Every structure is written in C-alpha cells, then in structure tokens.
Amino acid sequence: MTRSIFRCLIPTLLLIAACAAAGGQVKPGRDPNQPVDEEYTKKIREYTTEPFFNSPLTDYLPASAIVPTPKSVLGDVAGAPGKLPYAEEVYRYLRLLEKASPRVRVYSIGTTEEGREMIAVAVASEQLLTRLDENRARLVKLADPRTINFNDDEADKLVAASFPIYYITGTIHSTETGSPTALMELAYRLAVDDSAYIKSIRENVVTLITPVVEVDGRNRMVDIYNWHLAHPNENELPLIYWGHYVAHDNNRDAIGLSLKLTRNVLNTFTGWKAQVLHDLHESVPYLYDSTIGDGPYNAWVDPILTDEWQIIGWNNVSEMTKFGMPGVFAHGDFDTWSPGYLMFIAATHNGISRLYETFGNRGADTVERTLSPSEYQRTWYRQNPPLPKAKWSQRNNNNYQQTALLTSLYYFGNNGKLFLKNFYLKSKRSVLKPKNEGPAAYVLPGDDPRPGNQAELLRTLQAQGVEIHRATAPFTVTVKAGKGGANKQSEATGSPSPSPGASPTPQVIATTVPAKNESPTRTFPAGSYIVRMDQPYSRIADALLDYQYWAPNDPQTDVYDDTAWTMGELANVGVFRIVDTKVLDAPMDRVNGEIRAPGAIIGTGSTYIVNHNADNALVTLRYQLRDVSVEAAEEPFEAAGQKFNRGSFIIRKASVDDLNRAGKELGIQFYAVADAPAVKTHAIKPARVALMHTWLDTQNEGWWRLALDQLQVPYAYISTQDVAREENLKAKYDVIIFAPVGSSPNAIVDGMPMHGNAQPWKTTSLTPNIGKIDSTDDMRPGLGWSGLANLQRFVQQGGVFITVDDTANFAVNYGFTPGVAIARATRLRAVGDILRMKTVDATSPIAYGYADQLAMYCSNGPIFNLSNIAGGSGARRRSDQRVTGRGTPDDPDTVQGRPPAEIPEPPKAEIWEAMPLTDEQRRRDGVSVIPPVERPRVVLRYADMKDLFVSGLLDGGDEIAQHAAVIDVPSGRGHVVLFSTNPMWRGQTKGSYFLVFNAILNFDNLNAGRKLGEK
C-alpha cells in the first residue's frame, strides 16, 4: 500500500521539481538594503517560543516610513499574547494600509445576517492593480472558452498576457482565532517587503484576502476572550453562538448557499475569476495541508485539479521542511468527498481549492501543549512530526500560516502560466462534458408537482453561476431506466390535475416502452427546465443533481462528513439525468433573471382553493393571511374541473388584492369557485410556535431557525431554562419544536456540571456582541425535572411537541411516548445519507401534500419499535427463526411422550406496527395496555430493504428498513411527533420541510383521518 502511494507520488514530485527549475529559485529572506523595523522584529522573536517555529520569511518585518504596521491598530505585533482584534479593527488597519500604499485595495463584498461588513483586500504591484479590469476581461474569456470558440492558440495568448488571482479566506470558524492577525501582517509584507522572494509574488500574482469570513462569530469570540482576560482564574465561556444561525457547519454551506457569508465568498471568487480559494483553519499540530487529504475524492472534479492539489501541497511541505519547521504534512484522514466546504467553491468552479489546518490555542494565550502519540509519532507522510510537548503561542501560529502562504504564493506566482492554462483547460473540459464523460443535461419537468420547490432548487443553481434554459416546445430524448435516470418522487400529488372530461388537457411526460435492447424514450413538455452540461460551471450542477455512492467496503472508514446531497431527491422534485446529446438540440431559451413559480387567481368566485402540494410557500401564505379563515380538506376532492389533494387550502372572505399579491410573490395558484367544495374540513390556524434550544449546543437547531426565518414563520426562541421556569407553556404556545442538539437525554436535563464559576451569556460593556440572540446569567443549568414536568404538562394540555433524531430519543427516554421504544443499532451505518420513506397513513395531516414515497436525509437515526403496552420494547423475534428442536427450519418442534398440541396462530404485524394484543396480555397487563386513541400513529416508515437506499453510504440497512420513521403519538389532549430522520438539515432538505409545517398548521387537528383498528 505504502509503496504504491510512493509510486504515485513520483510523477508529482518530478513535476514539482520541473516547475521549480522552470521558474528559477530565489533564496527566501530579507533584502539587506531595506531597513528592518527593529522593535517589531524583536517582538516577533520574543513571542516565538522556539527558533524552529519561525522561518526566514517571517522572522523579521521590513520597515516603512509611510506604511503603518499592524501595531498601529493592535498596540503590539500580530500574534502578540493577549491581542485578539475585532473584525472592525482588522478592517481599520487594512484600510489604513490601503490609504498608505498604492499596492493595496480594499473592497466591500457584502454583509452578514447581522449587518456586519465583509471585505476583500487585493495586494499586488501597482502595475498589476492598475491592470485589474483588463486582466479580468481576459480571465472571463479563459473561464468561458465558448467566447473564443475553443481556440487553444487564442487561449495561449490570453494566458501569456494575464496574471492569476489567489484568494485567501480566514476565520470561517470563530474559535480558530489566528488568521486575522496573520493576514494583517501578510498584507503588510506583500505591500512593503522588497526582498526578491516577496517582489516575485507581488509582481506575478494578485493576492486577494478576506481576513474574517464569519464576522458575527469573530466578534463574539473576541468578546469571550476579553471576558477570559478579565477573569483569568475562572473557567472560560464556551462560544455557544458563532454566526447568527450556525457554528461549525457554516463550512458545510457551499451546497445549499443558505448563509450570506457563503454567497459573498462565492460571488467574490467567481466575480474575480480567481484561480485559487484557500481557506484557513486551525486544529491539528502544526500545519496540515488537508486538501491532499485522503480518499475518496469527490467524483465530479477534474483530474487536473487533483494533480494540482498534489503538486502545490507537496511543494508546500517540502519548502517548510527545508526551513526546519516541524509538524508540516499533507496526507491525512480528511476525505475530499463532499462539495459542501467553503474552499470547494473553487473545486466546482474550475479553480483550485486549498485548506490549511494550523495549530491554534482558541485565543491569544501562550500555552504549553501536550500531544497524543498519534499526533507526534512519525509516519511515512509526516517524517518531521510535531514535538510531543511544546509551548505554543499565537505568534507561532501566525509564523506558520504566513510562511505556508508565502511559499504557496511564490510557487503559484512562479508557475502562474501553468495554472492559468489549467484554469482554461478545466473550463474547456467542463463545456465539453456532454461529448466526453457526460451527461448531456439534467431536465426538470415543466409540469412538476411542486413548482415552488422546483424554482427554489433552480435558484440555488443560478446562485452557483449555473446557466438554466427552458424548453419552448415538447421534446423527446432517450432516458436511462431506474434511479440513475430520475429520482423516484411520485408525480401523483402535483399541480391540480384535470378531472375526467376537463379540457384542455395539459402536457404530460410520456414514456415510450422500448423494444428489447432499446432504451426508453421520454417526452418532456414545453416549459421544462434544462441544465445543459456544455457550460463552464457544469461540474457544480452535475455534482449537486447526481446521485452519490460510497461503497460500504471503501478503505476509508473514518467518514468526515455527509456522504449524500442529491438535491432533486432532497427537494422532492423530479430531476432526470440525460445522457442522450439530442437533448441539447431541443428548442429552448436561456432563462434571464431569477426563476419563480407562476402565481395567479384562476376563475371567478368568492371561495379560493389552493392545492396542497407540499411547496414550502404554502406555510408562508398561511401566516401572511393570519387573519383570514382557512380550512384544510381531509380528503381529496374535485372542484373547478380540477383534482385537489388532501390538505388543500379552502379560503373564504379573503381580499382579492391580498391573494394576487401573495400569489405573485410566493408562486401560488388560487382557484376561485362560487361554492365551497363538499368535503370534510378542519380549520388550520396560524399556530403559536416556539423553538426550544439548550445551552449545550446551538449548531443543528440553527438550521431550523434559518428555515423558519426564510419562510417567514414567526416563532418564539426559548431555552430549556425558560421552559424550566414556565409552568403554563400552553398559555403561550401551541407548538414547541425541539431540533437536534447532539447531546444525550441526561445531558439535556442536567445541563453542564455545576462546578466552578457561573457561565454568563449576556450583553455587557465587556461583551457587547453576545447575549443578542438569547441570554442567560448562567449557561450551566439544563432543563431540569421542573422543565421536564412543564413540557409534559404542555402536551397533556393540548400542545404539540416536535422532536427530531436525538431529541426524539429524549422524548422516548423520558416517557413522553408510551408505546414507542428505541432499539440500539449494532450494524447500521447511515452516514449522512438519503433513504427512501414510504407513506403509511396518507390521511394523517402530517402527510398532507406528499405521495406514497419520499427521500429524506438520515444520519444513523433512532430505530423505533412500537408496542400497545406502555413500557414495551416492541422488539420481536424474526419471522424466519424458530427454537431449537427436531426437524427442519420449517417444521414445528415435537414434545415427546404426548400427542401433539395445536399451536395457536401467532399474532402478526408489519415491522413498523405494534404487535396486536393477545387475550393473555389484555388480562395480565390491563393497566399497561395503551387505549386505542392514545396509541402511536405511524405516518411514514423506512422503505423495504430493496428500495431503502437512495444516495450516499448505507451499510446494515436491514436494521432500520421498514421501521417507523415519523410517528404521531397522542398524549392527553396533545401530541408528540417523533422524527427518526432530520427534515430540516443545512438548507438542503427543502422537500421534507412540510412534514414539520403540516404538524404546525394542523396542531389542533392531528387526529383527523385517524381510523382505530383492532391492531
């Protein structure tokens, strides 16, 4: 294995050597003719804990009579102990730098969710900066070879005249604190240093820097560091909130683009036509170039890119090793599979994605660090490992980051023409995708059941820079049969379909059954959306719309993140992967402007009907019309010549102007009729919603807050401590959502250990940026027994308690759901994958708008078992097992010495059902028998094993196949809803959002449609 790896590395290392020789070598180090800032340099050496934690590139600072150093704002050098600047201080310094030097320009690139500015700083020679516009015009052509008719000679001329853009981003993770000061000083060095090494960078490449990506979280982190400095002998505060919504997962948003920081960086990268996006992180000692990482690599990137990872990364290791800096390595356990990381914006847009993990102390203290053996032992890829124990400072961190960046920038600038040509070639190969590896296109049918969700998915692709076309007439192409051709979402619950005899008949997708050895063809209607693969950003579209398969026996067993993200399945909209290149000849026009679903009032009358198709805009509509009477149909019905689904809205006495405005804004069709349909209904009221969080972690519930905010669903944001204090929750709320928390049931109740000092999260003069989203005098107390009792009382009094994944485990564990138990998985590996669900009870309001199957995100969710006896485990012997005895596996045992006794027929039930009660159980366990009206109601279950897998990594799936996935448990006058899956995850799972919204809108009628059988 190791020998084969080295064989693979030989060509790479030879290429590194060749590139280095071609560019010529300049010895790193200061220009002896340029004065040094002696005081600053002295402090660098004082704060660096060992000489080998520095390099000839960063062990001095050149002096300037006119350009200020970082000390002008920090009061000390970059990386000094006790100095952690706010984002605004970083910006102030960089704008001072811009004012003093013609080699620096600062650009505002957008704002955060809380309105704070994000910036990008360009540093290069005056000559390069004055030619930015003309250079960008050339890069635009290289980025889109169609503009030069794929003329390689013309491309070579453009490459020869152009210079590359190297984009560096820092501190997306707020607890990783060193990058802003490292980047402040890096910008100064690039602008001021006249050494041949730095001049080579400045004259050959534009360095673009966003020093703080997560600005909201950076300022909160500085707050709690300042609190630590003021309370040096007390336990530090945890950073419970990073960004406004999520913490560490802000670096998983390059798929869904839900966060402003992601969109700002994406727009900057693609707007500048940059070649590299290099994201700076902190974790392992001392510097890990994790881009090389380990397999499996993402299956949709160009092999040219994976070679570039190798040649740049190993050069980085080689140069820093020659400086004598220990602990620099490039191979590791990070699999480069998911396209969700911020740096992967470059990988999917024909650039080069890069990422460093540098050792950090979560602040600016100097600390003695002791490593584990796995961190300091020598391996084949880490021949100069970190020290077992060393004093580590933020200055050390800054030295490593700057040295690594400077060696990369030097190498990149020296070989800029190579990487510019690769940039062109990757763009060209992306456009030629239909003729090479395929596919030719993806098609999203024009009559999709959920036009709103379809439009939302297409807008995400548009935000990625993907071109979208729309068919102007029907077209027929060959399609691949099975899942690889299209997702399996049913088309039965679509836009209202005409009842028999209605006219005109809409266009439908027609599939022709092929003769033997022929592929089926499919006709798509006019209005279908076509995502052509002959475009520069085809790779991101292909990666997001395709299916993923991670083999259960893959050598990589330490999976880093989610293994699936198939966006059509997660959006519950139809997506067809078309290999047939005839699709490119279909009549179509390019879509200009954001794609929106059409909205209108159709017909005349004073009653309005909206088909329930699980489009998320419907929940926004209900809250916009909060003062209007709206009812939900409990059965399908026909009206105005159309068929409507269960749950369809029936609206009376609404303003036509309000409906017109809502229809156009939200893309909703209203059907006006003179008389309300004769169908059983119940009122759907704008429920009073609360989202409950713990003070242990706010990561996963942040995605839920984001979804509710985006869809304008009002909610109260409460903590478990609030619940512990409030005895009458039902007086304030109808629904309480408890999103996943990543903690055990006991931790939710107990909170943090009550050792030491209080842990306040409050706005003060010392901590002005925390305590805004929520606040507490002490984060340590949890829900407690009083909170548990208050939640149970809330449900008994008629409230709906929605629980998900680990909070469903909490609800089961603490007795909220008699009749539901959780089995411990022993073999299941569902690692951030997508699994198929089947509808069990379509009459449940939770299932309104959905068909008979749905793909949902799953990450080793709880395995539910049902019982009709309180406290019962619901576990059962497999039907193919018998006790030890005589005969074959199919024979009954025979007791010797007596006539055979008649064996009663054992009770039978499906895996997702509770076993029927026997007469013996009724007699013996009468007090524990759950009344039929209070028994759990299974809404969705996991599909049969043969249909379960959709995308990603699934192993041992038989442990969860057919088990209940979404359960409605009546309790008193209220309900507890249990999700084994996570319906709201990272802004990607919009197709399953409405399971939650259905529970909210029907909070006081969840028993609608329920039939009580003997089971």
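Axes are lines fitted to C-alpha atoms, for helices over the stretch in contact, and angles between N-to-C directions run from 0 to 180 degrees. The model described here is predicted.

In this model, the axes of helix H8 (residues 179–192) and helix H15 (residues 394–414) come within 9 Å and cross at roughly 50°. H8 is therefore oblique to H15. The crossing of the two helices, H8 and H15, is right-handed. On the H8 side, the contact involves Ser179, Thr181, Ala182, Leu183, Glu185, Leu186, Arg189 and Leu190. On the H15 side, the partners are Gln394, Arg395, Asn398, Gln401, Gln402, Leu405, Leu406 and Leu409. By class, the residues of the contact of H8 with H15 are seven nonpolar, six polar and three charged.

Strand E8 (residues 352–359) is mostly covered, with eight of its eight residues buried. Both faces of E8 are covered. One side carries Ile352, Arg354, Tyr356 and Thr358, all buried. The other carries Ser353, Leu355, Glu357 and Phe359, also all buried. E8 is joined to strand E5 (residues 276–283) by eight bridges, and these two strands run parallel. Within this pairing, Leu280 has Tyr356 of E8 as its bridge partner. Strand E6 (residues 287–294) is joined to E8 by three bridges, and here the strands run antiparallel. Thr358 in E8 stands opposite Leu287.

Most residues other than glycine have a negative phi, and most peptide bonds are trans. Asn350 has a positive phi, near 65°, and is a residue other than glycine. Asn350 lies in the loop between helix H13 (344–347) and E8. The residue is buried, and the relative accessible area of Asn350 is 3%. The peptide bond from Gly295 to Pro296 is cis, with omega near -5°. Pro296 belongs to the loop between E6 and helix H12 (303–322).

Pro439 sits in the loop between helix H16 (416–431) and E11. Strand E11 (residues 441–444) pairs with strand E17 (residues 529–532) in the antiparallel sense, over four bridges. Ala441 has Arg532 of E17 as its bridge partner.

E11 and E17 are part of an open sheet of five strands, in the order E18-E11-E17-E12-E19, with antiparallel pairing. Strand E18 (576–578) and strand E19 (588–590) stand at the edges, each with a single partner strand, so one side of each has no neighbour in the sheet. On average, neighbouring strands of this sheet are turned by 30° against each other, direction ignored. Two helices lie across strands of the sheet. Helix H17 (residues 451–463) lies across E11 and E17 and runs at about 25° to E17. Helix H18 (residues 538–545) lies across E11, E17 and E18 and runs at about 55° to E11.

Another open sheet has six strands, in the order E20-E26-E21-E25-E22-E27, and its pairing is mixed. Its edges are strand E20 (600–603) and strand E27 (681–683), each with a single partner strand, so one side of each is left without a neighbour in the sheet. Neighbouring strands of this sheet are turned by 30° against each other on average, direction ignored. Four bridges join E20 to strand E26 (residues 669–673), and the two run parallel. Ile601 stands opposite Phe670 in E26. Helix H20 (residues 617–624) packs on the sheet and touches strand E21 (607–610), strand E22 (630–633), E25 and E26. The direction of H20 makes about 25° with that of E25.

Lys653 is found in the loop between strand E25 (649–652) and helix H21 (656–666). Phi of Lys653 is positive, near 55°, in a residue other than glycine. Lys653 is exposed, with a relative accessible area of 82%, whereas Asn350 is buried.

Six of the eight residues of helix H26 (residues 806–813) are buried, so H26 is largely enclosed by the rest of the structure. The buried residues are Asp806, Thr807, Ala808, Phe810, Ala811 and Val812 of H26. Gly815 follows H26 and has a positive phi, near 80°.

Key
Residues are numbered from 1 along each chain as its sequence is written. This is a predicted model: local features need pLDDT of at least 70, side-chain atom pairs count only at pLDDT 80 or more; totals for chains, interfaces and linings use all residues. Side-chain values use heavy atoms; hydrogens and water are left out. Angles under 35 degrees count as roughly parallel, over 145 as roughly antiparallel, 65 to 115 as roughly perpendicular and the rest as oblique. A crossing is left-handed if the near helix is turned anticlockwise from the far one by less than a right angle, and right-handed if clockwise. Contact means heavy atoms within 4.5 Å. Ala, Val, Leu, Ile, Met, Phe, Trp, Tyr, Cys and Pro count as nonpolar, Asp, Glu, Lys and Arg as charged, and the others, Gly among them, as polar. Buried means under 20% relative accessible area, exposed over 50%, partly exposed in between (1.4 Å probe, protein chains only). Two strands pair if DSSP finds at least two bridges between them.
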